[in-house]
Amino acid sequence: MRTIAVVTELGRRSVRQTFRRPQLIAPLVIIPTLLLAVQAAGAGRAIDLPGFPPVESFFDFLLAGAMIQAALLAGNSGGIALAIDIEMGFTDRLLAAPIPRFAIVAGRLAGTAAMGATTAVWFLALGLIFGVRIEEGLLGALLMIVLVTLAALAFGTLGAALALRSGSASVVQGTFPLVFVILFLSTAFFPADLLLEPAQTIARINPLSFIAEAVRDPVISVFSGPELLEGLAGIVLIGGIGLALCSLALRRRLRLG
Amino acid sequence: MPAIEVSNLQRAFSDEVLAVAGIDLHVDEGEIYAFLGPNGAGKTTTVRMLTTLLRPTGGSATVAGHDVVAEPAAVRAAIGVALQEAALDPLMTGRELIRMQATLHGIPRAEGQQRADDLLRRVGLTEAGDRRVGTYSGGMKRRLDLASSLVHEPRVLFLDEPTTGLDPVSRKSIWGEVEALNREGTTVFLTTQYLEEADQLADRVGIISNGRIVAEGTPASLKAEVGKPRMELVLATGDPDKCMEVLGRFGDPLPPRDGTLMIEVSAGVAAIAPVVRALDEAGLLVESLDVVEPTLDDVFVAKTGQHLEGAEAPAEPETGESEAVAG
């Protein structure tokens, strides 16, 4: 119970910190929203291309991509914030307290997950305002929020691992452009069938594609069990790798002091 | 049971860098123990080991009866820590920070709120409690850091250079708070590079240089070790040799320095009146006369051959990011 209280408290602090530091909150909302607007407005006729899945509008298709992008950026922001804590010695304050070591990372990840959920709600609201119709209704919307939250949590483990290993906010921030490379090499913004090689092959095995498809599924079609499972598998894979890296980086940091 | 017991404690960061080279310490319950030394002497590395933030590479240490390696959680529950450069989140308010610290120590929310109110009042930050820490002055940050380290009423309080960089008023305020805490029974282990701080606050002082304790004792006993008070005198007019002849009647002569004549005087300031009378009778006019007590700097000079203030030991490794951590 006490560990839960600690993780909750640290998660609450993490969310507060994100909202109070504009450079952490802005990328989560502003960049994906702008990209969504520009792509939806500028490339809206893409849905007429042969092989494009049947959707009402390009906006419908892109919504999942924007959510995944926001989740990725939430993971990156969480990593930056953790690195800032390490740089300013705040982590020492936590390490000197009688709490389990993993609670420090778990608290940060709880905050990252909460930011993922917040951005999911933002994009769902935006979608509804701009006429997106969620085929699976309220349950579908809730499923999307849960998946984006879990995705943010998984991406957060990677950001946290990098922060723990490097202890440098600028190093974590330096991976920001990678978010876009990884995203554009997935089906987040475009169907795999319409990508050129080798992007198409990469997109077909990119775990992000599976997560994006699972988030998109409730918007554009009826519920599909296999797509959901593939999406969850992608989240578990990324989260598992991230947690393993976190554990190694945390141990190293504790060993070195 | 001693509050802190340290035996041959060591920390190496590589084959070449031995930040703490085997120290022995014994701090009793209720004591204020000051660790005095220049930057890079090994003070912070020692504190980090005693607060379980850094694993020793040799020796052993117990804090509040618990081994720092075998029972780190028990040590953390018993200690309060205010680290160098107050590690505070500038985006949190003072009240949020203390409440968070209470949760970290397993204090229920309502009680944590009450303690936050009490501690903010104690350190004079009630008005500023709901402001973000980023708006605080250096002194306010140190007071908040101190308050947050007290939330669970620790048995042993570690303060790493608690007043470095503070103005004299803020420094005095922190000293007052440390003395008050000690009167309430808290054992205090503090590191400092300020002679006055160690002299004023500490029951006992350990002087550290290059990772080793070179002297330890009460400030008075340490100063007594290095000599008696000395009288320093500058003549306005008259023969210095004749003056030394007169002064020699009151104490052992010391070599003059920059025109200042000096003798050791066991009687201290009580020697001033008879010396002045004797000089007057000899027709010697004095420009200035002072009795100087030995300082901890004199102790440091006697033990290491260099002055403490301005002394720089070989740099200790930086905290955190590099392979070598924390000094």
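Reader: How many residues does the contact take from chain B and from chain A?

Author: This is a predicted model, and in it the contact takes 25 residues from chain B and 25 residues from chain A.

Reader: Which helices of chain B each supply at least two residues of the side that touches chain A?

Author: Helix 2 (72–78) and helix 3 (94–104) of chain B each do that.

Reader: And how do the residues on that side divide into nonpolar, polar and charged?

Author: On the side of chain B that touches chain A, 13 are nonpolar, five are polar and seven are charged.

Reader: OK, switching to chain B on its own. How many helices and strands?

Author: Chain B has eleven helices and 14 strands. Its C-alpha trace spans about 75 × 50 × 35 Å along the principal axes, and 45% of its 327 residues are buried.

Reader: What share of the contacts with a separation of 6 or more comes from residues 24 or more positions apart?

Author: In chain B, that share is 69%.

Reader: Let's zoom in on B:V188. Where is it found?

Author: B:V188 sits in strand 8 of chain B, which covers residues 187–192.

Reader: Buried or exposed, and why?

Author: B:V188 counts as buried because it has 24 C-beta neighbours inside 10 Å, and the cut-off for that is 20 or more.

Reader: Which residues is B:V188 in contact with, leaving aside neighbours within four places in sequence?

Author: B:I32, B:L157, B:L159, B:V178, B:L181 and B:N182. Take B:L159: it is 29 residues from B:V188 along the chain, and their C-alpha atoms are separated by 7.4 Å.

Reader: Now the largest nonpolar core. Which residues touch the most other members?

Author: A:M67, A:I68 and A:A151 do, in a core of 149 residues. Helix 3 (residues 58–87) of chain A gives the most to this core, with 20 residues.

Reader: What is A:A151 in contact with, skipping its neighbours within four places in sequence?

Author: A:I68, A:A71, A:G116, A:I211 and A:I235.

Reader: And which residues does the second core include?

Author: That separate core has nine residues, among them B:M231, B:V265, B:V275 and B:L284.

Conventions
Residues numbered from 1 in each chain as written. Chains lettered and ligands numbered in written order. Predicted model: local features only at pLDDT ≥ 70, side-chain atom pairs only at ≥ 80, totals over all residues. Helix = DSSP H or I, 4+ residues; strand = E, 2+ residues; numbered from the N terminus. Buried ≥ 20, exposed ≤ 12 C-beta atoms within 10 Å, placed from the backbone. Contact = placed C-beta atoms within 7 Å. Nonpolar A, V, L, I, M, F, W, Y, C, P; charged D, E, K, R; others polar. Core = buried A, V, L, I, M, F, W, Y, C linked by C-beta atoms within 7 Å.
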